[in-house]
Amino acid sequence: MTETTAPEIDFNPFDPAYRADPYPYYHRLRERAPIYRNPLGHWLLSRYRDCTAVLRDDRFGHGSPDLLRENTFRKPVEGRARPFILLDPPEHTRLRSLVNKAFTPRTVRRLAPRIQELVDQMLDEMIDAGEVDFMEAFAYPLPVTVISEMLGVPAADRDAVRELSHIVARSVDPDFRLSEEDKRARDEAFARFDDYFRELVAERRRRPTDDLLTNLVTVHEDGERLTEAELLTTCILLYVAGHETTTDLLGNGTLALSRNPDQFHRLRTSPGLAESAVEELLRYDPPTQMSRRTALTDADINGHPIAAGEQVVILRGAANRDPEVFPDPDRLDLGRMGNRHLSFDGGIHYCLGAPLARLEGAIAFATITRRLRHVETTTDTLRYRDNLIIRGLAELPVRLRS
């Protein structure tokens, strides 16, 4: 199989039409060039089997800074500890093990009553209003309140850190998409986040409480603890990742349900499908459309030679609609069986926050469909945030039918 060159492929992720609906682009790419080296030298994978193979292959990882080539998908921010999700073993193993001990399944499960309370309160206000921007009224405040309460971020501070979070989330896009102004804003946001969490960490050292931040401060294993730099980076990662992508799960999922009233009604009459519904909504329109790996050594993917240091981009949104794995992949089916989507990545880097996102999604979608007859969008023109990797709505004006 020979490498497919750029002129033969109509795949431009910077096209506004791609942002509005990337899935026809993915279908063409998967059919014509499932292993595709773009003009920047990145290998794009759109078949499920190729994506999962790389995610499970220890020849691919995130790589050290000296291994990364020009036009790399994402370089480490200079002078900062890299978050554990961008590290390879053994550093990744040590840090993830420590964070796992603080971010336990029990910690997540006990949040269910509070999440239900928040969902009902927000829905009460939305129903009273009748027409709202769903992103502003529900999709953003629910997960940010949950992760803030988990980490012990006071309610009075949440508006102040909101813009920092958006800047940091924007910075996960490829470096070549960021202007010098974007990079300066990113670095300033990280520095301000560091200062903020440094104060919270000092407070928890003086006065431990029953929250995730205290757990992170005190966690240890075999004499290992998180260093100050690792602790600050982990706090920022958990705060930003803990709400940005869940916001987009709630927004994208609600939009999908509004466009598929039969499935909205199906969940309304069969609330036991809530967990299955979350998996299908994650597959159908995932918040994170792609992730990357670096070849740690010379390798190959299905006969294509990949040189050490080259970047491989796993197109999750494409793999999630591969007809070889998901029959009738463009159809929303809340009861889909054996849903092995890649929306939480895979391998050793499988998303740490997946149980929390699933819990928030299941409670939110079950409650929305139980309390409302339908959710109708009030515009035909939807505006998405200017992110390449994260796919999320800037706003979602809706009318609630109760």
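User: What makes a run of residues a helix or a strand here?
Analyst: Helices are DSSP runs of H or I with at least four residues, and strands are E runs of at least two, both numbered from the N terminus. Glu 244 lies in one such run, helix H13, residues 244-259. The model is predicted, so local features need pLDDT of at least 70, side-chain atom pairs count only at pLDDT 80 or more, and totals for chains, interfaces and linings use all residues. Residues are numbered from 1 along each chain as its sequence is written, and side-chain values use heavy atoms, with hydrogens and water left out.

User: Why is Glu 244 called buried?
Analyst: Buried means under 20% relative accessible area, exposed over 50%, and partly exposed in between (1.4 Å probe, protein chains only). Glu 244 has 2%, and therefore counts as buried.

User: What joins the side chains of Glu 244 and His 166?
Analyst: A polar contact of 2.8 Å. The term covers a pair of N or O atoms within 3.5 Å; within protein, one must be able to donate a hydrogen and the other to accept it, and residues adjacent in sequence count only if both atoms are side-chain atoms.

User: Which residues does Glu 244 contact beyond four places in sequence?
Analyst: With contact meaning heavy atoms within 4.5 Å, they are Ser 165, His 166, Ala 169 and Arg 385.

User: Why does Tyr 284 count as buried?
Analyst: Tyr 284 has 16% relative accessibility, so it falls in the buried class. Tyr 284 is in helix H15 and touches, among others, Tyr 23 and Arg 321.
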